[in-house]
Amino acid sequence: MIRTDALPKAQGALAYAPDVQLPGMLWAAYVTSPHPHAEIRGLDTAPAREVVGVVDILTADDLPALLPREPEPGRPLLATRATRFVGEPVAVVAAETLQAAREGAARISVDYRVLPAFTDLEREFPHWPTPEEMRSHPQVNAHVHARRGDFDQVARTADHVHRELYQTAMVAQVPLEPHACIARVQGDDWYVLTTTQTPFGIREDLADKLGVPQERIRVEGTWVGGGFGGKNEALLEPHALLLSRRTGRPVRLALTFREEFLFSRTTQPALFWMESCLKDGRLVARRTRLLLDTGASLPGRDFALGYSLGFTLGPYRLEAFELEGYALRTHRPPFGPHRAPLAPQCTFASESHLDSLARDRGEDPVAFRLRHVWRPGDRTALGQVVGPFAAEAGLRRAQETALAWKASAPPGHGVGVALGFWSTGTGAGGEARLTLSPQGLVLLQGEREIGNGSIWQGLPGVAATTLGIPRKPWRCATAIPGTLPSIAGSGGAGPRRRSATPWRRPPRASGANSPDGPPGPERWAWESGAGPSP
Amino acid sequence: MRGDLPLTLRVNGSEQTLPAVPADTKLLDLLRWRLGLKGTKEGCRTGGCGACTVLVNGESVLSCLTLAREMEGQEVTTVEGLSGTAEAEAVQRAFVEAGAVQCGYCTPGFVMALVSLRRERRDGPPDLPTLASELGGNLCRCTGYYSIVRALAGLLAAPIPPELPKSTFSVDPGRSP
Ligand code: FES
Ligand code: FES
């Protein structure tokens, strides 16, 4: 299938957030912490104010006057008394030009007293900790424990227990398009145009962080130059909005690539203690114990643990399992999902462990997987019944291909196999709406096309097929939050599945902000395959 | 400001004179913010990603590492200037047909780099491995590069190399048990 957005993208004809300029716009730049943990003893902005073109400087001291309530503890918009990770924003400078903003940011001097930092999980935990150690550990954010059967009991009667430790490193999304937004606050209208996977989520997050009611916030998404899980949270938007509020002018804020690695949300290191029991040559039980570095994240949040830990069991038949994990707060950048929250890491540990188990037994790794992989009708660890499942067919094809590759592999090249799976379309719901408008038949939905085609091409396709109407001419529009009920963000193929099932007659919309009213670029972002939003 | 000087250059075939260009202005910013040519994308700004690739006198350069004032009297071509020409369209079509445009942020840079590479080898088409390795300065975070290699193969009418997975791993759910 030829993507209709592909050619205009290849021609450079579509506008992304970093391409947008509004009249009278100010440019902003961050001052970030060079230390993972340090006390801020003083902050001198005077030299920055002397830079020609600098208009405003936002620091933590300005926030109480701007925010109607105290921010959630541990989640400051700007570092207050101490910095919690390298790259944490300490101040933001707005100026007439980007050069002036950067120059101003460089001249702000911060007096730091460096404090001891916890940044190395492996050093802190050479062994899986005892429950006593963890009960009193000050850095524990969350704890997850789940089991079926009695792993220890199975282990006692097993022929062999295979034990290994795996570790994964920090990984940042770094989409090729850096985070960028333009904010414009006029009276009670808090408008921000931004590159995001989830305009609705950003609005909720902004309401939370700024204490502004959701109805007053308008988030407009642009074409997204890659997200990979990193464009789900309001990161720059609060700062840009507050600067716009203070200066009365539109403010553009974008991350540098260095900031992209540090201040955007990254997946942090994890340690996996893996144990598998074999009985009569069969894998019967597995235990995973996971320590996850969640960086300078909030206490009490589970993050990816509960969601992803199950992936360490793989899509394999097991009689018993035990999963236990701790999320630890450290002085590394706050945790965020990178191409599925922690699932790639869990799959890496699970599949590597399985390979080494097969190798130990002298068995072909694909054959070993084939003996254990779920078949339709099997039960998953959580008790769901497996429906149509392509893993067996995939493994058989991999087996054939691997042989061919092995035969043709150049010297020094190896061939391996891994089996991954992913759940999609679960959890948060979504809604899309079809409207016959003066512009034609319009599909209104609330998610952004992140590059895999599931919104731009997939949704109209599913709708057309379901309703038995031609695929063209169609327009796909993105709702500004407020015009549709809350909609989860774009991740993987989830949007298509969520927004497309089930298709039914929508309830009649009401209110001035409904899609029945006259559409305008301020309310809906119109898109067409032929060029940038009109 | 002190040090600002006028600059005259040709951009996409027409002469441009800009009254005051600071000495430290990058070609990237000049094109995007003073001439409004946003098809040239800003990625890393440090020479690492290729998103900002333009042609200077027909050769590809990274506009984020090029000072605008070095362009005095030079001919600069951006993706806007090239789009619509046969050589650009061939490359753009190859990318579109191979599914090599996902988010598309990297694509204009790839197009510019490829057009310049293809011009360099007029006496004979470069082979696929050469072309692929010479595009090493262009990053794509979405595709995993395989579809881009497929686009290159399409462009060269070359077979897709066997050591790269063809559609081996695209398991067809319709055919699963
Ligand atoms: S922006 Fe120029 S190489 Fe990345
Ligand atoms: S298509 Fe997104 S970076 Fe290449």
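**The interface between the two domains of chain B**

No salt bridges are counted between domain 1 of chain B and domain 2 of chain B. Polar contacts are found across this interface, where four residue pairs, both members at pLDDT 80 or more, meet the rule. The model is predicted, and the values reported here are computed from it.

On the side of domain 1 of chain B that touches domain 2 of chain B, two or more residues each are given by strand 3 (53–56), strand 4 (59–62) and helix 2 (79–82) of chain B. Strand 3 of chain B supplies the largest share of that side, with three residues. By residue class, the side of domain 1 of chain B that touches domain 2 of chain B consists of five nonpolar, 10 polar and three charged residues.

The two domains span residues 5–81 (domain 1) and 84–156 (domain 2) of chain B. A distance of 21 Å separates the C-alpha centres of domain 1 of chain B and domain 2 of chain B. Contact between them involves 18 residues of domain 1 of chain B and 13 residues of domain 2 of chain B.

About 1,100 Å² is buried between domain 1 of chain B and domain 2 of chain B, and carbon and sulfur atoms give 60% of this area. Within domain 1 of chain B, the residues that lose the most area to domain 2 of chain B are Lys41(B), Leu55(B) and Val79(B). Together, Lys41(B), Leu55(B) and Val79(B) make up 34% of what the domain 1 side buries.

Methods:
Residues are numbered from 1 along each chain as its sequence is written. Chains are lettered from A and ligands numbered from 1 in the order in which they are written. This is a predicted model: local features need pLDDT of at least 70, side-chain atom pairs count only at pLDDT 80 or more; totals for chains, interfaces and linings use all residues. Side-chain values use heavy atoms; hydrogens and water are left out. Domain bounds come from an automatic or database domain assignment. Contact means heavy atoms within 4.5 Å. Buried area is the accessible area (1.4 Å probe) that two parts lose on being put together, summed over both. A salt bridge is a side-chain nitrogen of Lys or Arg within 4 Å of a carboxyl oxygen of Asp or Glu. A polar contact is a pair of N or O atoms within 3.5 Å; within protein, one must be able to donate a hydrogen and the other to accept it, and residues adjacent in sequence count only if both atoms are side-chain atoms. Helices (H or I, at least four residues) and strands (E, at least two) are DSSP runs, numbered from the N terminus. Ala, Val, Leu, Ile, Met, Phe, Trp, Tyr, Cys and Pro count as nonpolar, Asp, Glu, Lys and Arg as charged, and the others, Gly among them, as polar.
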